Amino acid sequence: MSDPTEDFAAMFEASVKARRVERGQTIEGTVVAIGPEVAFVDVGGKGEATIDIAELKDDEGRLDVSVGDRIHAVVVSTAGGLTLSRRLARSAATDRQLEDAFRTGLPVEGKVERAVKGGYEVRIGRQRGFCPVSQIDIARADQSAHEGRVYEFRIIEYKDGGRNLVVSRRALLEEQQQANAAEVRRSIVAGAVVEGRVVSVRDFGAFVDLGGGVQGLLHVSEMGSSRVSDASHVVSAGDTITVKVLRVDDDKQKISLGLKQLTDDPWSRVHETCSVGQVRAGRVTRIAEFGAFVELEPGVEALAHASTFAPTGRSGGWSAEIAAGATVAVEILSIDLEKKRIGVAVLPEGSARAGFTGASGGDIVLGARLTGKVERHEKFGVFVFLAPGRIGLIPMSETGVAKETDIARAFPVGSDVEVEVLEVDPSGRRIRLSAKAIQEARDADEVREYNERAEGPATGFGSLAEKLRDALKREK
């Protein structure tokens, strides 16, 4: 049990210290405890003071201070201890208090009485003040919308003993926004799922307010599993959406957001719906220099590489055969689930599989005679397009032309060439061809046909000469 004498001495000392502080004086202190109705503030040698809890809340009723925070306040009573206020009520503000508020930056309550040229007339205590239209809000609004409202203001000019006051509401709103922004930023970390309001929509994405004026960018590429060409088709200004924080760059003050990450990954089902060799329909989403992207299902795109198209003899000529937005039939050539990549070949219309009249994968077997198109030349041979995704090589030794021959003129890119399959691996990807074998086979066929047409045994040169002379005589 404490000594009553000591308790009385402490109370007396606190009372004396309290009497040293005058009403209207601005003091600084530290919040040491927050109760249901009042908070306790340590004001140093002046003792401990109380402040109404309502004065520590924002417009939405949330506490905007915590234990340990430093605050500035005005002494409104010294009876029975110090009672503080963070703002001056417009009905109780004296000229002295207004001057103190100007010097310390303490907010004052004021009523917007009417709109005037360039701003508003504001009543604060017995004084009238002026608030420029640019200082009434963070976002400019209709002037008449503020008339009759009571706001907190900061005095930014104090002249003629308070008879000429210039006040700002915007300064307080910005400070509050900054305080809220600091709190919001502490909660925004990579991986967090947060709610925000769409502020604006641009070609490249949408800016989302996460609270306290803190904005993040929801890029168009992160809006959906399927490719999104127009952000306005997904979100609109004013929408409240739930997003995932992807990256936070504190140095650049940039926050990247995602929407598609909150839905199931469509690639998780690819192993069930796609297989190599499968033919299926797809939609061409875009054409790139190296190939065409084809959407097989929402969120799953495949690449038809330029090399899978039949050569045309013109650089990039393949791109004229396909258009973005078209629905095409494709054959799946490869699947890499780890890298989320699918390789396909577009099948021309009208073929046995989807319009292709050339060789199919199953036709490319040892000894087969095929017609393909010359794709390109290399020092070691000629590459021939046989079917979508099936490219064979004619080694130089199998071209059937002399070494000094211009191979590009003998086999123009895009021209048809008949070949025989000399070798093909089980996967059908490595194919060795021969044009010489076709020519040799043709020569052999011609010799056989000639022998079959010839009558009787082979005739020597002497007999042939005699027959020629007889024919000439008959003509004479």
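Which element supplies the largest share of the lining of the largest pocket? That would be α3, with 11 residues.

Before going further, a word on what you're looking at: this is a predicted model, where local features need pLDDT of at least 70, side-chain atom pairs count only at pLDDT 80 or more, and totals for chains, interfaces and linings use all residues. Residues are numbered from 1 along each chain as its sequence is written, and side-chain values use heavy atoms, with hydrogens and water left out.

**Pockets**

Rolling a probe the size of a water molecule over the atoms shows where empty space is left. Here the search runs on a 1 Å grid over the protein atoms alone, and a pocket is an open set of points where a 1.4 Å probe fits, with protein on both sides within 12 Å along at least five of seven lines; lining residues have an atom within 4 Å of a point. Grid points are joined across faces, edges and corners, and the volume is the space filled by probe spheres set on the points.

The largest pocket holds about 1700 Å³ of space. It is lined by 45 residues, and Asp-58, Asp-64, Leu-172, Gln-176 and Gln-177 sit closest to its centre. Two or more lining residues come from each of β4 (70-77), β9 (150-159), α3 and β12. These labels follow DSSP runs numbered from the N terminus, with helices (H or I) of at least four residues and strands (E) of at least two.

The second largest pocket has a volume of about 630 Å³. Of its 28 lining residues, Ser-225, Lys-260, Trp-267, Gly-299 and Glu-301 are the closest to the centre. The elements giving two or more residues to this lining are β17 (291-297), β18 (300-305), β19 (327-336) and β20 (341-347). The largest share, 4 residues, comes from β18.

What classes of residue make up the lining of the largest pocket? They divide into 14 nonpolar, 11 polar and 20 charged, while the second largest pocket has 10 nonpolar, 9 polar and 9 charged.

**Cores**

A nonpolar core is a set of buried Ala, Val, Leu, Ile, Met, Phe, Trp, Tyr and Cys residues joined through side-chain atoms within 4.5 Å. Buried means under 20% relative accessible area, exposed over 50%, and partly exposed in between (1.4 Å probe, protein chains only).

The largest nonpolar core has 22 residues, and Leu-210, Met-223 and Leu-257 touch the most other members. At least two of the core residues come from each of α3 (170-187), β11 (193-202), β12 (205-211), β13 (214-219), β14 (240-249) and β15 (254-258). Another core lies apart from this one, with 19 residues including Cys-274, Val-300, Trp-318 and Ile-322.

Met-223 is worth a look. Leaving aside neighbours within four places in sequence, Met-223 is in contact (heavy atoms within 4.5 Å) with Gly-205, Ala-206, Leu-218, Val-228, Ala-231, Val-234, Val-235, Leu-259 and Lys-260.

**Salt bridges**

A salt bridge puts a side-chain nitrogen of Lys or Arg within 4 Å of a carboxyl oxygen of Asp or Glu. By that rule the count is 17. Here are some of them:

| Pair | Closest N to O distance |
|---|---|
| Arg-114 and Glu-121 | 3.3 Å |
| Glu-418 and Arg-442 | 2.5 Å |

Glu-418 sits in strand β24 (residues 416-424) and Arg-442 in helix α6 (residues 436-453), so their pairing ties together parts that are 24 residues apart in sequence. Glu-418 is partly exposed at 31%, and Arg-442 is partly exposed at 39%. Elsewhere, salt bridges with shared partners join Glu-113, Arg-114, Glu-121, Arg-123 and Arg-128 into one network.

**Two more residues**

Is Cys-131 buried or exposed? With a relative accessible area of 0%, Cys-131 is buried. Cys-131 belongs to strand β8 (residues 127-132). In space, Cys-131 and Arg-169 are 7.8 Å apart, C-alpha to C-alpha, though 38 residues separate them in sequence.

Ser-200, in strand β11, counts as buried at 18%. Beyond four places in sequence, Ser-200 touches Gly-205, Ala-206 and Phe-207.

Notes: Ala, Val, Leu, Ile, Met, Phe, Trp, Tyr, Cys and Pro count as nonpolar, Asp, Glu, Lys and Arg as charged, and the others, Gly among them, as polar.
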